[in-house]
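Please take a look at the sequence and structure below.

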Amino acid sequence: MYIVQIASECAPVIKAGGLGDVVYGLSRELELRGHCVELILPMYDCMRYDHIWGLHDAYRDLWVPWYGGAVHCSVYCGWVHGRLCFFIEPHSGDNFFHRGCYYGCLDDHMRFAFFSKAALEFLQKSNKRPDILHVHDWQTGLVPVLLYEIYKHHGLGNQRVCYTIHNFKHQGIVGSDVLWATGLNRPEYYYQYDNLRDNFNPFALNLMKGGVVYSNYVTTVSPHHAWEAHHGDFGYGLGHTLHVHQGKFAGVLNGIDYEVWNPAGDRYIPQPYTADTFEDKAKNKKALRDRLLLRDEHKPLVAYIGRLDDQKGVHLVHHSIYYALGRGAQFVLLGSATKSDINAHFWHEKNHLNNNPDCHLELGFNEELAHLIYAAADIIVVPSNYEPCGLTQMIGLRYGAVPVVRGVGGLVNTVFDRDYDSLHPKEERNGYVFFQPDNHALESALDRALGLWFEFPEEFETLAKQGMAIDYSWNVPGQRYQEIYEFIRA
Ligand code: ADP
């Protein structure tokens, strides 16, 4: 099959979170299965150009219809660790992708509506006729809408769309300006409840809802989160829409790329190791301690890696730092916050803990350091309020760090409590799970993990190795997506 992924991120060249990992990892898996995969991405000024090979112009004068006129674009092409990527660069006064950031601008909805339109215009003009378009999150929710309302009449009539929702919280709530800009026009048509009209704000359109309504198949990133979004509150108002379209909606657990995340061959860690040479993991712990000026003593190392956002349960992240330190452990945090109050809070904590030889808070985004922390950590905490899939617990497992997680979303599908899980045999259990979003619940799980480390080190090591043995690669999910593509093509 010929598959084109249209997305706002692709790791490592453009990565704000898990979306980038997924777009890259799934693409590689599909190629390994013999499919032809290409990616269409925005050409951000701040992306990691050092991860693109052979960047050259692929389509010089792409004129993208916009507000009754047209915007001149160039399309560049290059390889991101073997994946063929096309980058769209618009030349207009809006400077859509020259903002020094990926997201967070007031006109984000216009930036990505433009990108969605430009991606289809590029496919049409360059005579690319993929079998499948795989699009992701609200940023590209407009792609299937534009495809079926406009581009199918211009040569793109045989393309099928799979839409993956990575985070229901951000849905792209927009006004009718998007319709005029993209040439969809006809507000009376799109402002219908069975079309793009937002389920709760009657004056707004919802781009994610458009993706759900118009795609041939819709997935979210774990089976449990699919259930939560459909039946619970985590669909953030889209539950009814998912219900209407339940026949084409499913949860497919994300994988992680086993070549990128591989303790036996990770170029960012000083000492490679496997489950058979587990004792070598300690050398990475020593290296991290040296790098972060932490004291080198017989203590467990607890880590948190992730965005500092309400979604991630920041109050519990905060509490886990002090609880771990109080229990005689060390704590390393690597995270970045986009909200100023959360950012200020963690900077305050960082200053407060600055001289503590058992704690380091690194505020910012640092891919290389993340690898070393996974390799060094004994325990990784993921106390999320909600978590569509969660990659950090899966990466932690791969690196022999025992996850302590809250039982929500994909965390339920990937972490099985050593003491209390009733669905998996003891040899398949791999971490600790708590359910209530409060300090006591977190403490009870973290306490069990730390207790095992201190008092039964051999059993702790066995648990860590059991985690390493589980297969969370793209192998199974890649097969599942292949089946979905075949299904919607038929
Ligand atoms: P989300 O997509 O909600 O941000 P996931 O757990 O799905 O969370 O994916 C997070 C990915 O981003 C992981 O690969 C993690 O290692 C990485 N990551 C998150 N924050 C940082 C950071 N500050 N520095 C480096 N990598 C980070």
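Val 302 stands opposite Ile 379 in strand β15. The two strands that meet here are β12 (residues 301-307) and β15, which run parallel and are joined by two bridges; strands count as paired if DSSP finds at least two bridges between them. The model is a predicted one, in which local features need pLDDT of at least 70 and side-chain atom pairs count only at pLDDT 80 or more, while totals for chains, interfaces and linings use all residues. Residues are numbered from 1 along each chain as its sequence is written, and side-chain values use heavy atoms, with hydrogens and water left out.

Helices (H or I, at least four residues) and strands (E, at least two) are DSSP runs, numbered from the N terminus. Strand β15 covers residues 379-382, with Ile 379 and Val 381 pointing one way and Ile 380 and Val 382 the other way. All of these residues are buried, that is, under 20% relative accessible area, where exposed is over 50% and partly exposed in between (1.4 Å probe, protein chains only).

Strand β15 also pairs with β16 (residues 402-406), in the parallel sense and over four bridges. In this pair, Ile 379 stands opposite Val 402. Together with helix α13 (residues 392-398), β15 and β16 make a right-handed β-α-β unit. Right-handed here means that, with the strands pointing away from the viewer, the path from the first strand over the helix to the second runs clockwise.

Is Asp 378 buried or exposed? Asp 378 is buried, with a relative accessible area of 10%. Its C-alpha atom is separated by 25 Å from that of Asp 310, which is 68 residues apart from it along the chain.

**Around the ligand**

Which residues come nearest to the ligand? They are Gly 18, Asp 21, Arg 307, Gly 364 and Tyr 374, out of 23 residues around it; a residue is near if one of its heavy atoms lies within 4 Å.

| Residue | Part of residue | Ligand atom | Distance |
|---|---|---|---|
| Asp 21 | side chain | oxygen | 2.6 Å |
| Gly 364 | backbone | nitrogen | 2.8 Å |
| Asn 366 | backbone | nitrogen | 3.0 Å |

The protein covers 93% of the 570 Å² of accessible area that the ligand has on its own (Shrake-Rupley method with a 1.4 Å probe; for residues, only the protein chains shown count as cover). The elements that give two or more residues to the shell are α1 (18-32), β12, β13 (330-336), α12 (367-376) and α13. By type, the shell residues divide into eight nonpolar, 10 polar and five charged. In this division, Ala, Val, Leu, Ile, Met, Phe, Trp, Tyr, Cys and Pro count as nonpolar, Asp, Glu, Lys and Arg as charged, and the others, Gly among them, as polar.

Helix α3 (residues 142-149) is largely enclosed by the rest of the structure, because eight of its eight residues are buried. Among them are Leu 142, Pro 144, Tyr 148 and Glu 149.

Asp 137 lies in the loop between β6 (132-136) and α3. Asp 137 counts as buried at 8% relative accessibility. Another loop, between α3 and β7 (160-165), holds Gln 159, which is buried at 4% relative accessibility. A polar atom of the Gln 159 side chain lies 2.8 Å from the backbone oxygen of Pro 130. The Gln 159 side chain also reaches the backbone nitrogen of Gly 157 at 3.5 Å.

Leu 184 is found in the loop between α4 (177-182) and α5 (187-190), and is buried with a relative accessible area of 4%. The C-alpha atoms of Leu 184 and Leu 146 are separated by 7.3 Å, although the residues are 38 apart along the chain.

**Backbone points to check**

Most residues other than glycine have a negative phi, and most peptide bonds are trans. Asp 137, not a glycine, has a positive phi of about 60°. Tyr 236 has a positive phi too, near 45°. Tyr 236 lies in the loop between α7 (223-231) and α8 (239-244) and counts as partly exposed at 33% relative accessibility. Finally, a cis peptide bond joins Ala 11 and Pro 12, with omega about -5°; Pro 12 is found in the loop between β1 (2-6) and α1.

Definitions and conventions. A polar contact is a pair of N or O atoms within 3.5 Å; within protein, one must be able to donate a hydrogen and the other to accept it, and residues adjacent in sequence count only if both atoms are side-chain atoms.
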